[in-house]
Amino acid sequence: MDDKHMQIGEVAARTELSLRTIRHYEETGLVIPSARSQGGFRLYTEADVARLMVIRRMKPLGFTLDQMRDLLDATDRLDDGTGLDADEREALQERVRTYRQAATEQVEKLRVQLARAEDFADTLGARLEQKASAARA
């Protein structure tokens, strides 16, 4: 095996995804191993790892598998660039902009949730401190 390919265990460690999750993404067609070893083991490249990282970043933002597939298709086609006329390129870029906007909106919602969670934790901490102070007095 040449050093450009990684087995699934290394990919799992690098992406912090489980083997099961990576296999699931393969079954759904989101990420296909670039090669197989003579023994049939999945072999991945840096491009496959990058693709998995896109998926990993989209998941907590609530994107569906179909949306992930759509975005990856658009970015793959833009990256390849061959055979695209100006209208097709603009349409693909607009798809990517739409996903970026959706991601930005979801990030803002998560910031609000995080602020509320931190406020709640601080409130509980203050309450415990008040009780501890009262007990010492």
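Visitor: What counts as a helix or a strand here?
Guide: Helices (H or I, at least four residues) and strands (E, at least two) are DSSP runs, numbered from the N terminus.

Visitor: And what kind of model is this?
Guide: This is a predicted model, in which local features need pLDDT of at least 70 and side-chain atom pairs count only at pLDDT 80 or more, while totals for chains, interfaces and linings use all residues. Residues are numbered from 1 along each chain as its sequence is written, and side-chain values use heavy atoms, leaving out hydrogens and water.

Visitor: Let us start with H1 and H2. At what angle do their axes cross?
Guide: Helix H1 covers residues 8-15 and helix H2 covers residues 19-27; their axes cross at roughly 105° and come within 9 Å of each other. Axes are lines fitted to C-alpha atoms, for helices over the stretch in contact, with angles from 0 to 180 degrees between N-to-C directions.

Visitor: Which residues make that contact?
Guide: On the H1 side they are Ile8, Gly9, Val11, Ala12 and Thr15, and on the H2 side Leu19, Ile22 and Arg23. Contact means heavy atoms within 4.5 Å.

Visitor: Which residues of H1 are buried?
Guide: Ile8, Val11, Ala12 and Thr15 are the buried residues of H1. They span an arc of only 100° around the axis, so they lie on the same side of H1. Buried means under 20% relative accessible area, exposed over 50%, and partly exposed in between (1.4 Å probe, protein chains only). The arc is that of the directions from the helix axis to the C-beta atoms.

Visitor: What do those buried residues pack against?
Guide: The buried residues of H1 pack against E1, H2, E3 and helix H3, which covers 46-58.

Visitor: What follows H1?
Guide: H1 is followed by Glu16, whose phi is positive, near 60°, although Glu16 is not a glycine. Glu16 belongs to the loop between H1 and H2.

Visitor: Is Glu16 buried or exposed?
Guide: Glu16 is exposed, and its relative accessible area is 63%.

Visitor: Now H2. Which of its residues are buried?
Guide: In H2, the buried residues are Ile22, Tyr25 and Glu26. Seen down the axis of H2, these buried residues fall within an arc of 105°, so they line one face of the helix.

Visitor: And which exposed residues sit on the face turned away from the buried side of H2?
Guide: That face carries the exposed residues Arg20 and Glu27.

Visitor: What covers the buried residues of H2?
Guide: The cover includes H1, E2, E3, H3 and helix H4, which runs over 65-80. Just after H2 comes Gly29, which takes a positive phi of about 85°.

Visitor: Where does Thr21 belong?
Guide: Thr21 has its place in helix H2. Thr21 is partly exposed, at a relative accessible area of 25%. Thr21 and Met6 are 15 residues apart along the chain, and 17 Å separates their C-alpha atoms.

Visitor: Changing topic: what is the order of the strands in the sheet?
Guide: The order is E1-E3-E2, in an open sheet of three strands with antiparallel pairing. Strand E1 (6-7) and strand E2 (35-36) stand at the edges with a single partner strand each, so one side of each has no neighbour in the sheet. Two strands pair if DSSP finds at least two bridges between them.

Visitor: How many bridges join E1 and E3?
Guide: E1 and strand E3, residues 42-44, pair in the antiparallel sense over two bridges. Met6 stands opposite Tyr44 in E3.

Visitor: Where is Thr45?
Guide: Thr45 lies in the loop between E3 and H3. Thr45 is buried, with 18% relative accessible area.

Visitor: Which residues does Thr45 touch?
Guide: Leaving aside residues up to four places away in sequence, Thr45 touches Lys4, His5, Met6 and Ser34.
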